[in-house]
Every structure is written in structure tokens, then in C-alpha cells.
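Please open the structure in your viewer and keep the selection panel at hand. The stops below say what to select next and what is found there.

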Amino acid sequence: MSNSLFQSSQDYCALIRRLNDTSPGYKGLDDFVNIKKDTCQSAPKFTILIANTNESQESGQSGINRRDFEGTTKLAEYLPHLQDQNETCNIFLVENVCPDTIALLGGVFDINPQFFADHVKNGDWFKDGNLMDLLPALPSSQKWHDFLQVRFVQSLAISNKSLSVNPASKYGPQAGPDVTQDPSLDYLVPDESVTRLPRKAGKLNLLERGDERSEFLLCTKQNIAVWFGKRSSQSKGWNAIFLIDAPFKLPPGTGFCGPPVYRSFMRRPTLADPSIDDIGPHATNREALIRHLKERLSTDSHRRIARSDCFFVLGDLYQLAASNWIVINEYVNRDITTIEYKLEREEHEFRDLEAYLKELFIHRRRVTLYIELIDETKEQCVKRGPQAWPRDPTSLLGAEQARDWEDDFANLHAWFHATSQRIEKIIRLLTALVEIGEGKQSLVENHGIARLSLLAMVFLPFSSVATILGIQGSFAPGEGKFWLFWVVGITLTTFVVGIFLLYDRIVQRLKVQFSIAAKIGPKRMRNPGTQDHEKGLWDSNS
């Protein structure tokens with residue numbers, strides 16, 4: 001590492017430390033870069049896509065080049081050569097960023113530390129952590145940022161076997177233990193030995209349908225931060241950085257995560273062009289973005305648009321996020337459909353209804369947040385990125401594609417909103433069924449109490465008569481008048497039971513009598529001061 005590169009990285013670390021002392025929101029970044037020891041055993045992975053936008057390039061020269069390496073040593077060797085590339089656009093895709101990477105890239109490109117602070121922020125989406133770390137910047141300040149972040153959720157299937165996405169893998173599927181699930185937790189954490197940002201993944205336990213085996217999925221949080229910066233006022237190129245989370249892997253002994261599954265948005269092979277064989281989806285988001293970016297920047301016209309309009313490059317990222325959102329929505333709707341099916345076909349106990357309500361409460365909380373994240377991404381498409389990014393308002397293709405991506409997220413918003421309304425309807429139905437169940441349970445309990453009361457009522461005359469006749473003498477058992485006990489007891493018991501059975505009829509007849517009396521009313525009284533009243537007084541005096 002050259003002295004200037006080393007000095008710039010040290011100055012950037014000092015800047016982060018100074019910002020943490022004076023401004024809120026930088027504690028997580030300062031801990032990540034300056035305080036915590038890097039214990040992750042996996043080196044950061046880099047892919048640099050170099051798009052040549054020089055219009056005078058020779059026809060045989062490749063329009064886009066790719067470099068892959070791991071570790072910051074190769075990065076430090078490559079960064080000094082960027083000054084010689086005035087007509088190129090460099091895209092750095094960084095997976096599993098480390099403190100040295102932040103110091104090197106931030107020092108060389110003079111990046112706003114808030115870009116890295118937003119990416120390393122690893123708080124819970126559903127719980128309030130440190131208030132100072134959650135304070136957002138004002139919208140008037142955010143529009144001048146030269147970075148943004150795209151947040152979405154990616155579903156991963158969990159299995160006790162290692163599912164390799166490469167069919168030619170010599171290891172094949174590896175058997176492992178079952179996934180350990182703590183019923184008190186609704187999330188799992190990744191293996192911290194392979195990721196520096198262990199973001200929690202929510203559990204999604206799909207309900208069983210008949211004999212089908214229930215699936216167990218993870219909803220992993222994905223945060224891809226993007227920064228664009230012009231190289232200089234005289235240069236036509238720019239530099240871009242994509243910060244991508246490491247693939248989610250469970251700790252050893254707790255199961256395996258399958259690859260992400262979504263409908264690929266790549267071009268399909270046709271009879272005219274059967275050479276297309278890599279259509280995805282890919283094992284990691286970095287590999288997916290590499291494949292899509294190479295496809296997007298494969299033509300000279302697209303590279304020229306990307307040189308003057310940075311937002312044009314992000315189309316594949318937005319399509320990747322939208323494709324994963326569709327999968328999440330379908331899984332939630334599948335769970336809702338299963339609950340509806342069970343409610344229609346089966347009789348459920350009170351506890352089953354409560355379990356369905358709890359499941360729907362979790363879905364409602366998550367879907368509400370998902371809609372907020374979708375709206376956040378849609379707003380980025382409406383504005384076509386921050387104002388600080390290079391843009392070309394005259395580019396018809398760039399504007400058209402931005403509207404297409406905006407429509408994608410508008411449709412996602414409508415779909416998730418429909419899912420939310422569907423959840424609300426079933427919650428209201430389940431709440432009504434729970435109330436009906438509580439009413440039925442109360443009736444059963446009341447009937448039981450009535451039976452006990454009837455039983456007590458049967459034995460009451462006997463106990464009363466026994467008490468009365470308990471006097472010593474001729475009424476005692478074995479004496480001549482003991483038969484009176486049975487005669488009086490049975491008679492009173494028959495009378496009480498008869499009153500109990502005829503109670504409703506007696507009450508009904510009394511109500512009828514009272515209603516007839518109310519209709520007839522009392523005799524009409526003479527109103528004082530009238531002629532009839534005076535006549536009545538005269539008759540009484542005479």
C-alpha cells in the first residue's frame with residue numbers, strides 16, 4: 001500500500017471518530033471501523049466492472065471488462081490506477097464489507113461517511129433501538145446525498161441438506177442436522193464467522209395443508225447501498241460502489257439455507273438466439289448483479305446512456321428487489337389461503353382460532369413494514385436517484401425505464417395493500433368466531449351450573465325434611481311415623497321440580513296478563529277545569 005493511500009485511509013478513520021464524538025448516528029460505524037475487532041474469517045469479495053464509454057474505441061476492443069478478487073490487498077493495488085482511466089465507468093461490487101475496505105474506498109473517493117453508516121446499521125426493523133441512531137436526515141438534506149440504499153426481503157428455504165446451486169459440484173448434497181428452532185423467537189441469526197453484518201432473518205412457518213409437509217422459510221433482510229461519484233470535472237467517467245450483504249448462512253449444526261428462488265427477469269433463450277444459458281436466479285445477489293449489469297452495459301448505446309445518467313445502471317437492482325418482493329407476497333397469500341381453507345372445511349377449537357390470529361398479527365406487522373419499504377424504493381424511481389448524481393433529462397430510454405421500474409413498485413404496493421386488506425378481513429372474521437366460541441363456552445358452563453343447581457334443588461327438600469324430622473321421638477327411623485318423612489319429602493320435591501319446569505310458562509302467562517292490563521289502562525279521569533269536572537262536583541254537592 002502506498003503512503004498516500006495509507007494516509008488517506010487513516011484520515012478517513014479519524015474523520016469517522018470525530019463525527020461520532022460530535023454528531024448522532026455514527027456510533028455503529030465508529031464501532032465497526034475503529035473499535036470492534038474484525039473476527040470474521042471470510043474475506044470481502046470484490047468484483048470491478050469497467051465499462052469503456054470512449055466513442056473512439058476500436059471495434060475489436062471489449063466494451064466491458066471484469067476483475068474478481070478477494071481481500072483488501074488487491075484493492076489497494078488497483079485503486080492507484082484509476083487516475084489513468086478518464087473515459088471509463090468503474091463499478092465496485094463489494095460483498096461482506098470490512099473496516100479496511102471502508103477506510104480505503106472512503107479515503108480515496110472522499111465518500112460521505114453517512115453512506116457507510118447507513119449500510120452497517122444493523123438494528124431491528126420492528127423494535128426501537130438507540131433513538132439517536134434512528135434519527136433520519138431531513139428530506140431537504142437527503143436529496144443532495146450522492147448515495148441511496150435499496151432494502152428488501154429475500155426468502156430462503158431451510159433444509160437439513162446442503163443444496164448446491166452448481167449441479168457439477170463434486171461434493172453434492174451434504175446431510176446435516178435438523179434446523180433448531182426456538183419457539184420463543186421469531187427470527188434466526190446467521191453464522192458470524194462468515195458475515196460481518198449479522199442481520200436477523202424472520203421465520204416464516206407455513207401452515208400445513210392436509211398431508212403436505214409444512215415448509216420452513218427465512219425472510220432475510222437485504223440492504224444494498226449504492227454510491228455514485230464523478231471522477232473530476234474534466235473526466236466523462238464516474239465511479240460507483242455497491243455494498244452487498246454476504247449470503248445468509250446458518251451456524252454449523254443448525255441446518256442449511258437453499259439459494260434464493262424468484263422468477264428471473266433475464267432474457268430467455270430463443271430459437272434465434274439459443275446461446276443464452278445463464279438466466280438465473282443466482283446463488284448470491286452479487287453474482288446476480290454481475291450477470292445483469294454485464295447484460296445491461298453490453299451495447300455501446302447503453303454504455304453512453306449510463307455515462308450521462310447513473311440511474312440507468314440501477315435497473316437490474318430494482319428488478320432484483322421487485323422479483324424478491326413478489327415471492328414474499330405469494331408466500332404470505334399462501335398462508336392466508338390455507339387459513340381460509342381450514343376455516344371452511346374443518347371445525348376448530350378455541351385454541352386453533354387464537355393460533356391463526358397470532359399468525360395473522362405477525363403477517364400484518366410485516367406487511368405494513370414491507371409496504372413502507374416498497375414506497376421508499378418507488379420514490380427513488382420517481383426522482384431517478386439523488387440530485388447529486390449525473391443525469392441526462394433528454395435520455396428517452398432512461399426516462400422510459402425509470403417509469404417502468406416505478407410501475408413495478410406501484411403494482412407491488414397495490415398487491416401488498418390487497419394482501420393487507422385480506423389479512424384485516426380474516427382477522428375480523430376470526431375475532432367474531434372467537435367471540436362466538438366464547439359465547440358457546442359460556443353457555444356450556446351455564447348449563448353445567450344449571451344441572452348442579454337442579455341436583456341441589458332435588459336434595460334440598462330431603463335435607464330440609466330430615467332436619468325438621470330429626471327430632472327424637474316417633475318420627476325417627478324405625479319408628480311408627482317415619483313414613484311421614486318420605487311422603488312430605490317426595491311431595492315437596494315434586495312441587496319444586498314442577499315449579500322449575502313450569503316457570504317459563506308461568507312467566508309467559510303473567511307477561512300476557514300484564515300486557516292486556518296495560519292496553520286497557522285505568523278508568524278515564526275527568527280533567528280538572530272542564531265542564532265534565534264541574535258537573536261531577538255539582539253532583540257530589542247535591
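Begin by selecting helices α1 (3-22) and α4 (99-109), whose axes come within 8 Å and cross at roughly 100°; axes here are lines fitted to C-alpha atoms, for helices over the stretch in contact, and angles run from 0 to 180 degrees between N-to-C directions. Helices (H or I, at least four residues) and strands (E, at least two) are DSSP runs numbered from the N terminus. The two helices α1 and α4 are therefore roughly perpendicular to each other, on a scale where angles under 35 degrees count as roughly parallel, over 145 as roughly antiparallel, 65 to 115 as roughly perpendicular and the rest as oblique.

This is a predicted model, in which local features need pLDDT of at least 70 and side-chain atom pairs count only at pLDDT 80 or more, while totals for chains, interfaces and linings use all residues. Residues are numbered from 1 along each chain as its sequence is written, and side-chain values use heavy atoms, with hydrogens and water left out.

Now show the side chains at this crossing: Leu5, Ser8, Ser9, Tyr12, Cys13 and Ile16 of α1 meet Ile102, Ala103, Leu104, Gly106, Gly107 and Val108 of α4, where contact means heavy atoms within 4.5 Å. The residues of this contact of α1 with α4 comprise 8 nonpolar, 4 polar and no charged; Ala, Val, Leu, Ile, Met, Phe, Trp, Tyr, Cys and Pro count as nonpolar, Asp, Glu, Lys and Arg as charged, and the others, Gly among them, as polar.

Next, select helix α5 (residues 113-120) together with helix α2 (residues 27-35), which pack at an angle of about 90° with their axes 8 Å apart. Here Gly28, Leu29 and Phe32 in α2 meet Pro113, Phe116, Ala117 and Val120 in α5, and the residues of this contact divide into 6 nonpolar, 1 polar and no charged. Keeping α5 selected, note that 8 of its 8 residues are buried, which is to say under 20% relative accessible area, with exposed being over 50% and partly exposed in between (1.4 Å probe, protein chains only). The buried residues of α5 pack against several elements, including α1, α2, α4 and β4 (147-159).

Move on to strand β6 (residues 201-205), which is largely enclosed by the rest of the structure because 4 of its 5 residues are buried. On one pairing, strand β5 (residues 187-188) and β6 run in the antiparallel sense over 2 bridges, with Leu188 standing opposite Ala201 in β6. A further antiparallel pairing joins β6 and β7 over 5 bridges, and there the bridge partner of Gly202 is Cys219 in β7. Two strands pair if DSSP finds at least two bridges between them.

Cys40 is in no disulfide, and the nearest cysteine sulfur, that of Cys98, is 9.1 Å away. Cys40 counts as buried at 12% relative accessibility, and Cys98 counts as buried at 5%.

Finally, select Thr419, which lies in helix α12 (residues 396-468) and is buried, with a relative accessible area of 2%. Leaving aside residues up to four places away in sequence, Thr419 touches Asn329, Val332, Asn333 and Ile336. Thr419 and Asn329 are 90 residues apart in sequence, yet 7.6 Å apart in space, C-alpha to C-alpha.

Definitions and conventions: A disulfide is a pair of cysteine sulfur atoms within 2.5 Å.
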